[in-house]
Amino acid sequence: MQRIRPVTSNIVEKGMEKLSSVAKAFTPSPIQELSHLARRCNAINLAEGFPDFPAPPHIKNAAVSAINSDFNQYRHVQGICDQLAKLVKEIYSLHVDPLTDIAICCGQTEAFAAAVFAIIDRGDEVVLFDPSFETYEASITIAGGVPVYVALDPPNWTLNEDKFMKSISSRTKAIVLNSPHNPTGKVFSRDELEIIAGACCTRDCLAITDEVYEHIIFDQEKHISLASLPGMQERTIITSSLSKTFSVTGWRVGWAIAPAFIASAIRNIHVKITDSAPAPFQEAALTALTSPSEYFESLRRDYEFKRDYMVKLIAGMGFRIRFKPQGSFFLFAELPENCLLSDVEYVQELIKQAGVVAVPGCGFFHTNLSLEKSSQVGYQKRYIRFAFCKSNATLSAAAQNLGKLLGASGCLMLN
Amino acid sequence: MIRSKCTWTCSQMHSPLRFKYSSTLVSFSNFIPPVVTSRRSTRYPSLMATLSTVSTQQDAASNPIAHPPLQVAKRLEKFKTTIFTQMSMLAIKRGAVNLGQGFPNFDGPEFVKEAAIQAIKDGKNQYARGYGVPEFNSAIACRFKKDTGLDVDPEKEITITSGCTEAIAATMLGLINPGDEVLLFAPFYDSYEATLSMAGAKIKCITLRPPDFAVPIDELKSTITKNTRAILINTPHNPTGKMFTREELNVIASLCIENDVLVFTDEVYDKLAFEMDHISMASLPGMFERTVTMNSLGKTFSLTGWKIGWAIAPPHLTWGVRQAHSFLTFATSTPMQWAAVAALKAPDSYYEELKRDYSAKKAILVEGLNAVGFKVFPSSGTYFVVVDHTPFGLENDIAFCEYLIKEVGVVAIPTSVFCLNPEDGKNLVRFTFCKDEGTLRAAVERMKEKLKRK
């Protein structure tokens, strides 16, 4: 049976009309596109944020065991909620009810999307910090919300209280906080969290947090969960996942923790979006979440080593690293002072000449900033994000490749 | 205390009957909730109250907080705890035989499970490409060609999602604008209405009625107009087991072409087609370029918890699906995608045996239901059967299901929850036969013993 398919541009144009107006506004992910280029050039991938080393054996075994034990139909594993409640109590002194306050989702991505759909109505404003991970805006926009970006001040990406307070209006419904932060590696300080909490409480806003890097923190930094601040638990939706902590970004098990009536709404929405997170990996999550403290300790240690290595390597290329990452597995480095290339051009050269790929920072910055003029944000094209969630072998291979391009000055020579 | 009056009480969150809240509900300080014990309608069953989770009953008493709670979004009217979860919970509590929720109590084939295990061991545990592992996309293209004769480009025309449920959500959010008119056939799977309301669509509905649930052609012709943006077709159909015939699909197709309407098809039960061949709308002349064909692994391979689904559509429609998918879940479970590659390479004998097994199960159930005294409607596909319960003298489907759990120890699903207008489903309940034979026989025995015609 031959398919009859007149392929005329007319059909495609008419077809494009069929897309929702919001979908039409979206462009393909710049991060994923660069990954495709890197794959084509066989480049060392320091762009996408997933490990190239194996997941911990005890967790993989748990998943294998779950599949063999026939945990393969739709399910909700309450034990995950119980264990999460335990963990947030131990680590963040948060008291949550595992029966009512937790929704298990397909990754933090879905938890965040469901949280947004749970609380955002058309016209609601949502404050986000700039730079920011690209995906938050999409769900906010589709839910009819209006993203309002507040620039963090380079070089240390500090929160400017004045700017922040000015961007909150009577229409502000929620503030999104990603800490530890992608792409800068910043861990918001207690002072900064108090400013945010203060605003939420006095202006009666909700907060949605993305804490996926919560266990990847360095130099004795402490990740403080915003919800643990006074007045915040009743208005905060915490989202996180197994992915980064346990190096299983492909398993899609995440969660939202929120006051019962919001968690219930999130759960109900999640059920209509995907119905359940993958069953065997929910089982494995039980094992993951009961990992001994040594696991989390060695995670930190290993990533701190990688961070130091990466900082040294990139600084050695002439990049300006005025802010060392305090958490996450990203280094957000500023192009060498004398470099005339934009971030995108630099990354393209990096791929072609050094066989190494990273992410141009412009993908994380937004031009529709509240309160900034575009002339003040020239730095938006000056940053590159390097991921160091890679094996030591990968990192030294990258170092080798980059080493070949160093000129007499010791700085990277790119044409 | 304000907060306890303002929280969404269990009854509101769990009722399958739609409460139409005033659209002027803006903040909780203005909200005056219906008192829990008063019934909005005489149909509101005590079942729903007993089914409410322990947790939400505690809501009102917990958390003495000074501020009133902040508003949840208005769209949540459509997002209540599903009937399936409620029924399953009650089934467990009562030790009832569960012929309600549509997942097997037997497991998937070894060769697919082995493939997943191997993928995990081989380290395939990181993010897959957002729209799918290339080998999986190719395997789907291959299978689709075998099933429909259509050639599709795995790179541009296939998107992998977390189950067909997510394919539906991504399609609605990616391709439907607020205010667009979308046509559904009732009874329908509950996520359709919910995700359409998320997209802000205007829902129009045509009800399929017993005994054969045929498409009412005249009603169809007057309902599909130039204003119709899309029509959703689930075939083989949950809950009735109806399969859309070629004639019906042809009529729908010509109306869609004439009025420039998109078609979204949910074909998850396509391999459970017993009485006739399954036909994909996309394979009809002129239809591929306006159709999103959705499917999944779960029903065919008895692995409903793996959440592997997909959407096949021409590039300009796929693009919209992929945009929505990218913020809904970003990527789909990697090891399961690899296992799905192995699954889709299953030989014909796998599918033949699947049909044989399910046919045998269906026979047990249908025979049993007939013997008990239900009016059983013919089901051509899926693993569901709908029956008329009225011979047993209960007021409506929800009352009957409540009675069935409590007095007989068997679970069925009330069909009214699948309808926009609950009246359309009140005489019908749905049984599933995706259970092992022992379970089916046990259910039949209980019903024969305890269910008496009035």
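**A colleague's note on the predicted model**

1. Start with the largest nonpolar core, which has 257 residues; Phe117(A), Phe164(A), Phe386(A), Phe374(B) and Phe431(B) touch the most other members. A nonpolar core here is a set of buried Ala, Val, Leu, Ile, Met, Phe, Trp, Tyr and Cys residues joined through side-chain atoms within 4.5 Å. Buried means under 20% relative accessible area, exposed over 50%, and partly exposed in between, with a 1.4 Å probe and protein chains only. The most residues, nine, come to this core from helix α6 (residues 107-119) of chain A. Helices (H or I, at least four residues) and strands (E, at least two) are DSSP runs numbered from the N terminus.

2. A word on conventions: this is a predicted model, where local features need pLDDT of at least 70 and side-chain atom pairs count only at pLDDT 80 or more, while totals for chains, interfaces and linings use all residues. Residues are numbered from 1 along each chain as its sequence is written, chains are lettered from A and ligands numbered from 1 in the order in which they are written, and side-chain values use heavy atoms, with hydrogens and water left out.

3. Chain B holds 16 helices and 13 strands. Of its 454 residues, 66% count as buried.

4. Have a look at Thr332(B), in the loop between α12 (315-328) and α13 (334-344) of chain B. Thr332(B) is buried, at a relative accessible area of 0%. Beyond neighbours within four places in sequence, its contacts (heavy atoms within 4.5 Å) include Gly250(A) and Arg252(A) as well as Ile160(B), Lys307(B) and His325(B).

5. Next, a helix pair in chain B: α8 (residues 163-175) and α9 (residues 190-198) pack at an angle of about 30 degrees, with axes 9 Å apart. Axes are lines fitted to C-alpha atoms, for helices over the stretch in contact, and angles run from 0 to 180 degrees between N-to-C directions. Among the residues that meet are Ile168(B) and Met172(B) in α8(B), and Tyr192(B) and Leu196(B) in α9(B).

6. One runs from Ala186(B) to Pro187(B), with omega near -5 degrees, and Pro187(B) lies in the loop between β3 (181-186) and α9 of chain B. Another joins Asn238(B) and Pro239(B), where omega is about 15 degrees.

7. Finally, check two backbone angles. Ser247(A), not a glycine, has a positive phi of about 55 degrees, and this residue counts as buried at 3% relative accessibility. Thr382(B), also not a glycine, has a positive phi of about 70 degrees.
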